[in-house]
Amino acid sequence: MSQEASEDALFLEITLTVFLIVVGCAAFIVARPIPDNAFEPLGAGFAPRAISLCLVGLGALNLAVRAAAVRGHIGRARGGDINRRLIDAASVLVLTCIYVWIVLEKAIPFTFSTGLFVTASMAVLFRNLRRVPIFAGVGLALGYALKLASSTVFFVDI
């Protein structure tokens, strides 16, 4: 990887990390007024607040690690060269939006929609179509495990 491509990838990673920190802070602010349940030690507001704090903490940790790697100026725009990582990130973002819509509308059973989402995401990110059956197995297992855990542990029907 050339020096310029490496700097562009670092700039993209730092930009996305800052975006995730902002999203985590916004989620915490939105989840803060959710009341805790008097009958459970971990009420309804605990999970979104904990997840948002984890997102902010991990983002800050990533920034701290990557800040040491920043040298000189970061990434100049290259004319006509499209960054593959940016396309991959945008593709996974679109897949995630479609997956969330499918889960909300219950258009496909949860196990299969999760299997399709994981398979498509892994195929895009790993760029290896020969391993699609393995990705599908992982996705279906993950979908089944999440459905089982949500119905038996959290008593939520998804």
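Trainee: Which residues is Asn128 in contact with, leaving aside its neighbours within four places in sequence?

Mentor: Ala123 and Phe135. Contact means that heavy atoms lie within 4.5 Å. Asn128 sits in the loop between α4 (110-126) and α5 (132-152). Helices here are DSSP runs of H or I with at least four residues, strands are runs of E with at least two, and both are numbered from the N terminus.

Trainee: What should I keep in mind about the source?

Mentor: This is a predicted model, in which local features need pLDDT of at least 70 and side-chain atom pairs count only at pLDDT 80 or more, while totals for chains, interfaces and linings use all residues. Residues are numbered from 1 along each chain as its sequence is written, and side-chain values use heavy atoms, with hydrogens and water left out.

Trainee: Why is Asn128 called buried?

Mentor: Buried means under 20% relative accessible area, exposed means over 50%, and partly exposed is in between, using a 1.4 Å probe and protein chains only. Asn128 has 18%, so it is buried. A polar atom of its side chain also lies 3.2 Å from the backbone nitrogen of Arg130.

Trainee: What makes the pairing of the Asp88 and Arg127 side chains a polar contact?

Mentor: The term covers a pair of N or O atoms within 3.5 Å; within protein, one must be able to donate a hydrogen and the other to accept it, and residues adjacent in sequence count only if both atoms are side-chain atoms. The Asp88 and Arg127 side chains make such a contact at 2.5 Å. Asp88 lies in helix α3 and, at 12% relative accessible area, is therefore buried. Not counting residues up to four places away in sequence, Asp88 touches Val124, Leu125 and Arg127.

Trainee: How do you know that the span of α3 agrees with what a helix of 22 residues should have?

Mentor: The expected span is 1.5 Å times one less than the number of residues. For residues 84-105 that gives 32 Å, and the end C-alpha atoms are 32 Å apart, so the two agree.

Trainee: What makes Tyr99 and Phe117 a stacked pair?

Mentor: Rings of Phe, Tyr and Trp (its six-membered ring) pair if their centres lie within 6.5 Å; planes under 30 degrees apart count as stacked, over 60 as edge-to-face and the rest as tilted. By this rule there are 2 aromatic pairs. In the pair of Tyr99 and Phe117, the centres are 4.5 Å apart and the planes are at 15°, so this pair is stacked. Tyr99 lies in α3 and Phe117 in α4, so the pair ties together parts that are 18 residues apart in sequence.

Trainee: Why is Cys25 counted as partly exposed?

Mentor: Its relative accessibility is 36%, so it falls in the middle class. Cys54, at 47%, is partly exposed as well. A disulfide needs two cysteine sulfur atoms within 2.5 Å, and a search of the whole structure finds 0.
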